[in-house]
Structure formats: C-alpha cells, structure tokens
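Here is a friendly walk through the structure shown below. Keep the viewer open as you read.

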Amino acid sequence: MLVNRTIVLPAGLGSVWSALTDDRRLSLWFGAEVAIEGGRFLRGGSRAAFTWSDGRRRAAVVEALESQRLLVLRWLPFEQDAEGVTRPRDPSTIRFVLEPHLDGTRLRVTEDAPEHLDPRAELLAGTSAR
Amino acid sequence: MSSIDHVFTALSDPTRREVIERLSVTGGASATELSEQMTVSRQAIVKHLHALNDAGLVSTEPAGRQKRYRLTPKPMGQAMTWMTAVGAEWDNRLDALRRTITDDPA
C-alpha cells in the first residue's frame, strides 16, 4: 500500500458507506461516472464501470466487502479509450476502511502501486538490455 | 508486501537515506568507505546496502576485493512520480467526498 490517506468525515457510518457504495453518490466525488451492477456494491464480486470525462473506461470488481466497515476494489487489468481501443493496465487495488469516530467517521484509503513499477523488474530489464 | 513497498521501506530509514545521499554525491563507494565516512559499522552498512539493493535503488560492481555500490535512481523516480500523482488524485477525491457528504448526508 503506497498511497495512504486518512480523513474524518462529519457524518455517520451509514452516510459515508452509501457515498462509497451507491453509484449515484460515488459519481459525485470519485472523478468518474460510475455504474454499478444493481446500483450498489452489495457483495464481493459486484462489478462496476468507471467512465472518465475524456471517455476512458475501466472496470473494477469488489474483492471484499463488510457493510459499513470495509470495501476493497480491484481494477481489472485493461482499460478502453474513447475510441473503444482496449489496452492492458496493471491491476491495482483500492481499500476503504471505515471506523466510528467522535466527530463522525474515520475513513482510511489505500491504493497499491501497480506491479510494473516494481523497481527490481526495472533493474533486470535494464541489465538484460545491455 | 508489494514489491514497490521495498522502495519506500528502504527510504524510511535515516541511515539508508544518508547512504543514498552519499552515493549520489560521490557517484559510488564501497561499504568500507561508507562505514568510515558515516562512523557506522561496516556490518551495519552492508545490511543497509542489501536492503537498498533489494529495492533496486543501488547496484554493485566488483572493484578489486571489494564491491562498489552505485545509485540506480530510476526506480525511485518512477515510484515518486506514481505516488505524487495518485496521492494528489486522492486528495482531490477526498475533498470532493467531504463536500458530497456535507451537502447531502443521505
């Protein structure tokens, strides 16, 4: 886990949970238009399509879900551009952990770096190219 | 631990950061030279160099009976770029999330 952010939101667990799992609310802040199968993340295996304003599309699947506690999304290893051309992307994972807090809800977000940033892979590639 | 975590774990230690700083200034050094410059035991320096090597941050070349260590800063650059970009993206998102929740607690 490389990017790691924790914030306290002035709302209860239920409100924060719905902002993470309801596609209408998720689309308000995520930076992409989100369409979840059935409108909400309800269980592991739920799928969602994310569409950015530049037309780029990526799909994610719920890897783990515990209501009002934990949501883990895994990006599928490809994306589609506005012209519909599909190209590979390394999978990465976003993890949301919710906890009750005196002032509302504590939310911790972590995102794993994709594997292609593995510094040792880079080093090996450099060595073999010489 | 995901592989790129090695870079940040490697950089989390102040002695290893000093090793990196010295290698970047001198262009390369042996464990003995680093040990003398930093007044840290050679054994400890070797351990730190192994951690940096595992993270892909230094490479070695033979120099007589000793190994010479050099910086390979590219992985650090890529990892930092990734972390800065994705971190900024999350800062924006979480600001927007706070506004969403304040405006419409649901």
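## Surface and ground rules

Accessible areas here come from the Shrake-Rupley method with a 1.4 Å probe, and for residues only the protein chains shown count as cover. On that basis, chain B exposes about 5,700 Å², of which carbon and sulfur atoms supply 52%. Of its 106 residues, 40% count as buried, where buried means under 20% relative accessible area, exposed over 50% and partly exposed in between (1.4 Å probe, protein chains only).

This is a predicted model, in which local features need pLDDT of at least 70 and side-chain atom pairs count only at pLDDT 80 or more, while totals for chains, interfaces and linings use all residues. Residues are numbered from 1 along each chain as its sequence is written, chains are lettered from A and ligands numbered from 1 in the order in which they are written, and side-chain values use heavy atoms, with hydrogens and water left out.

## Confidence

The model scores ipTM 0.86 and pTM 0.66. Chain B averages a pLDDT (the predictor's confidence in each residue, from 0 to 100) of 84, and 92% of the residues score at least 70.

## Chain B and its helix H3

Chain B holds 5 helices and 3 strands, taken as DSSP runs (helices H or I, at least four residues; strands E, at least two) numbered from the N terminus. Along the sequence they follow the pattern α-α-β-α-α-β-β-α.

Which residues of helix H3 (residues 31–38) of chain B are buried? They are Ala31(B), Leu34(B), Ser35(B) and Met38(B). These four lie on the same side of H3(B), because they cover an arc of only 100° around the axis, judged by the directions from the helix axis to the C-beta atoms. Their cover includes helix H2 (14–26) and strand S3 (66–71) of chain B. Just after H3(B), Thr39(B) takes a positive phi of about 45°.

Beyond its neighbours within four places in sequence, Trp29(A) is in contact (heavy atoms within 4.5 Å) with residues including Phe96(A), Trp90(B) and Leu97(B).
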